[in-house]
Amino acid sequence: MSANRKADSPLRGPLAGLAWVAVTAQILLFGAPLLLVLWLSLQGAPDANVALTPTAWLSVLGSPEARMALLNSLLLAGLTVLASLLLATPLAYLIGIRGKFLGRLTLAIVLMVWFFDPGMRILGWMQAFKYLALVDFVPVGLLAGFPSELIASLHAWLPMAILCLAFGFARTDRAILTAARECGATTFVLLRRILWPLNRRLVLFTAAIVFCGSIGNFLEPRLLGSGDFQQATEWLQRALESETGWPYAAVMLLLMFGLAILPLLVMLLARHRQGGAA
């Protein structure tokens, strides 16, 4: 009984103090850059007498080019999420449920892909597209722009989606899966009727993380992008090339940050409503 009471008591002592120090450090490391970027977004021209002004905000929000760049980033992030979940599900099944040699081999390959250097990965894809275009296997238009950026984004975020889903699948009660198999359930039925419903929150969380990360990718648009499909990161890069454009870049960064955390905010709001209804 005393052991249970100790386990239920709040954390005290040096470990609690260390935890509060870590939390405070995290808040400062997150809040300080955010406040500085917000302050920078309200700066006017260097020769202006006004200390703070919404000029940069009005300019970016009123720019059709900036709005289109944000929409392009949303489109690419949404397609990355959809494709990642579709491709990650069977591979996560091999790792989390099938196991054995094939599951371990799949896990090893996924980890290797995840730890692959981003620059090496993107340059490798650029060279692959170049050779495929030379032999007329793929159109030359695939060398840059939307298709190549989507492939590079999938390469970057698919491993994380696979590992998240595999973790959830592995935690599923094997007795339920065994009973379903004895009743004649196929792999697709297991996924649709058992694994996806039992891991619904994890699937949504994985989708939100992939969306948050892919919408802020910088390296892929810089090396694989084109003028035909300009993302917010490319618009941001041009603004940062001039010191007078830094307030406009700060506005775009804050807009991208707001879009990135939007799925997480929606999930928290939905969970809060479910808790209130219960």
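This is a predicted model: local features need pLDDT of at least 70, side-chain atom pairs count only at pLDDT 80 or more; totals for chains, interfaces and linings use all residues.
Phe115 is an exposed residue, because its relative accessible area of 62% is over the 50% cut-off for that class.

## The chain as a whole

The chain contains 13 helices and zero strands. Read from the N terminus, its elements run α-α-α-α-α-α-α-α-α-α-α-α-α. The chain has 278 residues, of which 36% count as buried.

## Aromatic pairs

How many aromatic pairs does the chain hold? With ring centres required to lie within 6.5 Å, the count comes to two aromatic pairs. One of them joins Phe30 and Phe257, with 5.9 Å from centre to centre and 45 degrees between the planes, and this pair is tilted. Phe30 belongs to helix H2 (residues 14-41) and Phe257 to helix H13 (residues 246-277), so the pair ties together parts of the chain that are 227 residues apart in sequence. Phe30 counts as partly exposed, at 48% relative accessibility. Phe257 also counts as partly exposed, at 31% relative accessibility.

Trp114 and Phe115 form an aromatic pair with 5.7 Å from centre to centre; its planes are 10 degrees apart, and the pair is stacked. That angle is under the 30 degrees required for the stacked class. Trp114 is partly exposed, with a relative accessible area of 38%, whereas Phe115 is exposed at 62%.

A nonpolar patch on the surface is formed by Leu75, Leu79, Leu82 and Leu86, which together have about 360 Å² of accessible area. Leu75 lies in helix H4, which covers residues 64-98. Its relative accessibility is 42%, so Leu75 counts as partly exposed. In an α-helix there are 3.6 residues a turn, so residues three or four places apart point the same way.

What does Leu150 touch, apart from residues up to four places away in sequence? The residues are Leu76, Leu79 and Thr80. Leu150 lies in helix H7 (residues 146-170). Leu150 and Leu79 are 71 residues apart in sequence, but their C-alpha atoms are 7.8 Å apart in space. With 18% relative accessibility, Leu150 counts as buried, because the cut-off for that class is under 20%.

## Helix H5

Helix H5 covers residues 100-114 and includes Lys100. Most residues other than glycine have a negative phi. Lys100 is not a glycine, yet its phi is positive, at about 55 degrees. Lys100 counts as exposed, at 65% relative accessibility.

Thr106 lies in helix H5 as well, but Thr106 is buried, with a relative accessible area of 10%. Setting aside neighbours within four places in sequence, Thr106 is in contact with Leu91, Leu94 and Ile95. Along the chain, Thr106 and Ile95 are eleven residues apart, and their C-alpha atoms are separated by 6.5 Å.

## Asn199 and helix H10

Asn199 lies in the loop between helix H9 (187-198) and helix H10 (200-214). Is Asn199 buried or exposed? Its relative accessibility is 9%, so Asn199 counts as buried. Not counting residues up to four places away in sequence, Asn199 touches Gly168, Phe169 and Thr172.

Helix H10 has 15 residues, which should span 21 Å at 1.5 Å a residue; its end C-alpha atoms are 21 Å apart, which agrees with that expectation. Buried residues in H10 include Val203, Thr206, Ala207 and Ala208. Further along the helix, Val210, Phe211, Cys212, Gly213 and Ser214 are also buried.

## Accessibility at selected sites

The table gathers residues discussed above.

| Residue | Relative accessibility | Class |
|---|---|---|
| Leu75 | 42% | partly exposed |
| Lys100 | 65% | exposed |
| Thr106 | 10% | buried |
| Leu150 | 18% | buried |
| Asn199 | 9% | buried |

How values were computed
Residues are numbered from 1 along each chain as its sequence is written. Side-chain values use heavy atoms; hydrogens and water are left out. Rings of Phe, Tyr and Trp (its six-membered ring) pair if their centres lie within 6.5 Å; planes under 30 degrees apart count as stacked, over 60 as edge-to-face and the rest as tilted. Helices (H or I, at least four residues) and strands (E, at least two) are DSSP runs, numbered from the N terminus. Buried means under 20% relative accessible area, exposed over 50%, partly exposed in between (1.4 Å probe, protein chains only). Patches are made of residues with over 30% relative accessible area and no salt bridge: like charges are joined within 9 Å, nonpolar side chains (Val, Leu, Ile, Met, Phe, Trp, Tyr) within 5 Å. Accessible areas come from the Shrake-Rupley method with a 1.4 Å probe; for residues, only the protein chains shown count as cover. A salt bridge is a side-chain nitrogen of Lys or Arg within 4 Å of a carboxyl oxygen of Asp or Glu. Contact means heavy atoms within 4.5 Å. The expected span of a helix is 1.5 Å times one less than its number of residues.
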